[in-house]
Structure formats: C-alpha cells, structure tokens
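Please read the points below with the model open beside you.

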Amino acid sequence: MTSRTSTIYKDARELFWPWCVAMILAALPGYHGLGFLGVPLLASLSFGNEFRHQTLSLLLSQPVDRMKIWGEKLTVMVIAVLPVILVSAWQADFGRAREIFKESPNEAMVSLMVVAGLWLVITVASATFWTLLSRSMLGGLGMMLVQSVFFGIAFIFVMLASWKVSGVIQWFGIHIGAEYQWLFIVSFVFLCYAVLLLWLGPRGVLQFQN
C-alpha cells in the first residue's frame, strides 16, 4: 500500500461511522434536515481529525507535496458528502414547496436546487480554510454553521437587490429569462465566494506552522 493510498484509506476510515449516521438520518423521512447538518460535520472532520489526534504537523512534515495531501483530503470529503446531500434532497418534500409557490412552481424548484447546490459547494470549499483557521474540528464546524446562517441572510439580500443590476446582464449580451436573472446573480456572487475560499484553503495548508 502506497503512502497516498494509506492516507486516503485512513481518512475514509475515520469518516466512515459519522458518514453512516449522516446517511441514516438523511434517509429517514422527516429527519432529512439532520442529514443536511451532517455535511458540514463531515467536511470539518477531514482536517479536524488531524487536530484532534495532534497528527497534522507529522502529516505535513512528510516528504509529500502539501497540495497532494490537500487534494486527497478534498477528494475523500467530496465522496463522503455527495451521497448525503443527494439522499437528503431525495427525501425533501419538494411537492410541499410546489404547493407553497404554486404561482411559479418551476421557478421555485429550480431555485431550491440551485440554493442547495451553492450551499454544498460553499461548505466543501470553505472546510479546509475554516478548520485550519480555528485549529479544531469543532471550531471549523462552528464557523461553517455560522457561515450557513449568513449564507441564508445574504441570499435574501442579494436576491432583493439583484433587480437593480439585472440590466448589466443584458448589457453584456447574456439573455436570461427575467424570472431567473436574480438567481443568476446570486449564483455568480456565491460562486465567487466559494472560489475565494477554495483558493485560501490550500494556501493555508502550504503556510501552516504548528
């Protein structure tokens, strides 16, 4: 077994039982919301376990490119959280959402799927940065939960303000239905935020000092 395979196996083994709990909750009708909460937990465990076992300095001192270490942990993290988010989304009562937004059910469905996707991308992209910044699993988890709250608040404000800049989209020659213009703007803003945190994560790994 190579050192790379060993590292991936170790991360997968440590995530296995929390992943099982998150999957069970995600699959239970009425409890799928707890499955969504398992996503930031699984994301924070990737580097959080290294802080908990006090092995991060040893891991980063090995003659292995730190970017490879980050890439391996990110791969395990993505593989772990994707089934949880898919099962949670499958159990979600989208029919209820269509009833609430019966005047524009298709737009509501698209919006819910885009928001869930954005939240997943931001959570995964920011996990390394927040965990390294707080230097603990609980700290990283707490920061991501706070981030999720601000994500919801900022989503509402950006949505309400987006109509003011919708003309800019047309100016650039991008033609999007009026009902989806605000969704396009919101997605662009939060994807930029996700890219920023995804860039800061590996930089934190490269510059980490015990």
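1. A salt bridge is a side-chain nitrogen of Lys or Arg within 4 Å of a carboxyl oxygen of Asp or Glu. By this rule the structure has 4 salt bridges. This is a predicted model, in which local features need pLDDT of at least 70 and side-chain atom pairs count only at pLDDT 80 or more, while totals for chains, interfaces and linings use all residues. Residues are numbered from 1 along each chain as its sequence is written, and side-chain values use heavy atoms, with hydrogens and water left out.

2. What is the overall make-up of the chain in secondary structure? The protein chain has 9 helices and 0 strands (helices, H or I of at least four residues, and strands, E of at least two, are DSSP runs numbered from the N terminus). Read from the N terminus, the order of elements is α-α-α-α-α-α-α-α-α.

3. Buried means under 20% relative accessible area, exposed means over 50%, and partly exposed lies in between, with a 1.4 Å probe and protein chains only. The protein chain has 210 residues, and 39% of them count as buried. It exposes about 12,000 Å², of which carbon and sulfur atoms supply 71%; accessible areas come from the Shrake-Rupley method with a 1.4 Å probe, and for residues only the protein chains shown count as cover.

4. Contacts (heavy atoms within 4.5 Å) can be sorted by distance along the sequence. Of those in the protein chain that join residues at least 6 apart in sequence, 77% are between residues at least 24 apart. A separate example of chain parts brought together is A27 and A89: these are 62 residues apart along the chain, and their C-alpha atoms are separated by 9.6 Å. A27 is in helix α1, and its relative accessibility of 36% makes A27 partly exposed.

5. Which residues are linked in a network of salt bridges? They are K10, D11, E50 and K73. Start with D11, whose side chain meets that of K10 at 3.5 Å, N to O. D11 is buried, at a relative accessible area of 4%, whereas K10 is partly exposed at 22% relative accessibility.

6. E50 also forms a salt bridge with K10, with the closest N and O atoms 2.7 Å apart. Because E50 lies in helix α2 and K10 in helix α1, this pair ties together parts that are 40 residues apart in sequence. E50 itself is buried, with a relative accessible area of 2%.

7. The other partner of E50 to look at is K73, where the closest N and O atoms are 3.0 Å apart.

8. Rings of Phe, Tyr and Trp (its six-membered ring) pair if their centres lie within 6.5 Å; planes under 30 degrees apart count as stacked, over 60 as edge-to-face and the rest as tilted. The count by this rule is 5 aromatic pairs. The ring centres of F129 and W130 are 4.9 Å apart and their planes are at 65°, so this pair is edge-to-face. W130 is buried, at 13% relative accessible area. Elsewhere, ring pairs link F16, W17 and W19 into a cluster.

9. Q54 is not a glycine, yet it has a positive phi of about 55°. Q54 lies in the loop between α2 and α3 (56-60) and is exposed, with 72% relative accessibility. R135, also not a glycine, has a positive phi of about 60°. R135 is in the loop between α6 (105-134) and α7 (137-161), and at 40% relative accessibility R135 is partly exposed.

10. Last, the surface. I24, L28, Y31, L34, L37 and L145 form a nonpolar patch with about 550 Å² of accessible area together. Patches are made of residues with over 30% relative accessible area and no salt bridge; like charges are joined within 9 Å, and nonpolar side chains (Val, Leu, Ile, Met, Phe, Trp, Tyr) within 5 Å. L28 is located in the loop between α1 (3-27) and α2 (32-52), and its 37% relative accessibility makes L28 partly exposed.
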